[in-house]
Amino acid sequence: MGTIILKNIMSDSVQADIVVADGIIRKIAPAGTVSVQDVPQAETETETVDCTGKAAVPSFVNMHIHAAMSLMRGLEEDVLFHKWLEKIWKVESGIDAEYVYWATKAACVEMLKTGTVTFNDHYWFAQAAYKAASETGIRPVESYVFLDKYDAGTAERQKDECIALYEESLGWGDSGRFTVGIHSMYAVSEETMLWAADFARKHGLKIHIHLCETRKEVNDCMGRHGITPVEYLERLGMLGPDLLAAHTLWLSDHDVELLGSRHVNCVHNINSNLKLASGYRFRYNELRDAGANICIGTDGCASSNNLDILEALKTAAFVQKAWRGDPSAMPLDELIAMATVNGARALGLNTGKIEEGKDADILIVDTENTFFLSGGSFLANFIYSAHSDCVDSVISRGRFVMRNRHVDGEKEILAGARKVLDKLQSVIM
């Protein structure tokens, strides 16, 4: 894999030299103190990169995304969630593995250009999505998603498919992870959810589910079971640190207590929630204080319209401050953690920080522009002022996957995506 020396790069407010070897951050030293002679020679050449005017930031972890929705932007706008979902399910009934491959590749280009190196996917044809992502150098976390709509025959077929995909994923190595996905408690039978959770835990896998995304979801669960969705999952024994719960928006005090005490990973998807008018009062402070691990995601482009984590961070902070009437809500250090180390912790990855011994997942941010022309803190300028096009280059597991905003094969990827989009038009209409 070789060695990279990032010379004179800003890291944690100081100028530093960072040595990356065999996919790991091996050394962080004061700027100007590391040379090629200080690095043990590897089988491949050592590359030295002058990073004057640039800063190192941990790459982003997008903790809830439907990557192959990248070609579904704008299909159903200005409608409520459940009407939107009906349209999306109709469109998805016409997609295939080829569509998912090219749509995921297009999503990966967008994620690289906006600073994401790891994404927690929740979609169909996971084999195709894994292949697409791994080819771009991004680390995919792919789910087999259960959606039986309470049909026993569908449930049995999906169990067999989940087992087969898990066995296939054992050959992925470090290039990707596999999780068990459950669409939601309103679209999956109790028996199937219990089977899926048991299968995941027998094999040490994470469980990825939509939870408390809308007020209707909560009201319907109260009507059917007499308890909230969070209380329902607690009754089923599904709450725990292996649960990746997307949205967690409509929560009672007891829900917050349960999610915190079970150390559930709660994923905030602010732009999707705002756009579909699902809600905006995400209970960040309460969940944090209760013990939940809080991460951030973009959701799919069919609802959020882009995969830009930096934009999601800014919106999340502004909305949190506004509805609480408290400008100190969601401070910068906690904000960046949601997009980096918290996501890494949720997925059990050795990344999320610029530290010796961590996986080398690094964003090289260009600060030679007006957004960073300030005496303020780097994080304030990065999150509140700059846009994602300040991400100049990206290192994923120790190798460059974007340089000077160039992604290898981008034109071919966009051409392939346009072809499958053309085929999708008949389904969309």
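Biologist: Why are α12 and α14 called oblique to each other?

Modeller: In this predicted model, where local features need pLDDT of at least 70, side-chain atom pairs count only at pLDDT 80 or more and totals for chains, interfaces and linings use all residues, helix α12 (residues 332-339) and helix α14 (residues 378-385) pack at an angle of about 60°, with their axes 10 Å apart. Angles under 35 degrees count as roughly parallel, over 145 as roughly antiparallel, 65 to 115 as roughly perpendicular and the rest as oblique, and α12 and α14 are therefore oblique to each other. Residues are numbered from 1 along each chain as its sequence is written, and side-chain values use heavy atoms, with hydrogens and water left out.

Biologist: How do you know what counts as a helix, and where its axis runs?

Modeller: Helices (H or I, at least four residues) and strands (E, at least two) are DSSP runs numbered from the N terminus, while axes are lines fitted to C-alpha atoms, for helices over the stretch in contact, with angles from 0 to 180 degrees between N-to-C directions.

Biologist: Which hand has the crossing of α12 and α14, left or right, and which residues make the contact?

Modeller: α12 passes α14 in a left-handed crossing, a term for a near helix turned anticlockwise from the far one by less than a right angle, with clockwise giving right-handed. The contact (heavy atoms within 4.5 Å) is made by L332, L335 and I336 of α12 with L379, A380, F382, I383 and Y384 of α14. These residues divide into 8 nonpolar, no polar and no charged, where Ala, Val, Leu, Ile, Met, Phe, Trp, Tyr, Cys and Pro count as nonpolar, Asp, Glu, Lys and Arg as charged, and the others, Gly among them, as polar.

Biologist: What makes α11 roughly perpendicular to α14?

Modeller: The axes of helix α11 (residues 309-324) and α14 come within 8 Å and cross at roughly 95°, and that makes α11 roughly perpendicular to α14. Here L310, L313, K314, A317, F318 and K321 in α11 meet F382, I383 and Y384 in α14, a contact with 7 nonpolar, no polar and 2 charged residues.

Biologist: Why are α4 and α5 described as roughly parallel to each other?

Modeller: The axes of helix α4 (residues 152-169) and helix α5 (residues 190-202) cross at roughly 15° and come within 11 Å, and the two helices are therefore roughly parallel to each other. Their crossing is right-handed.
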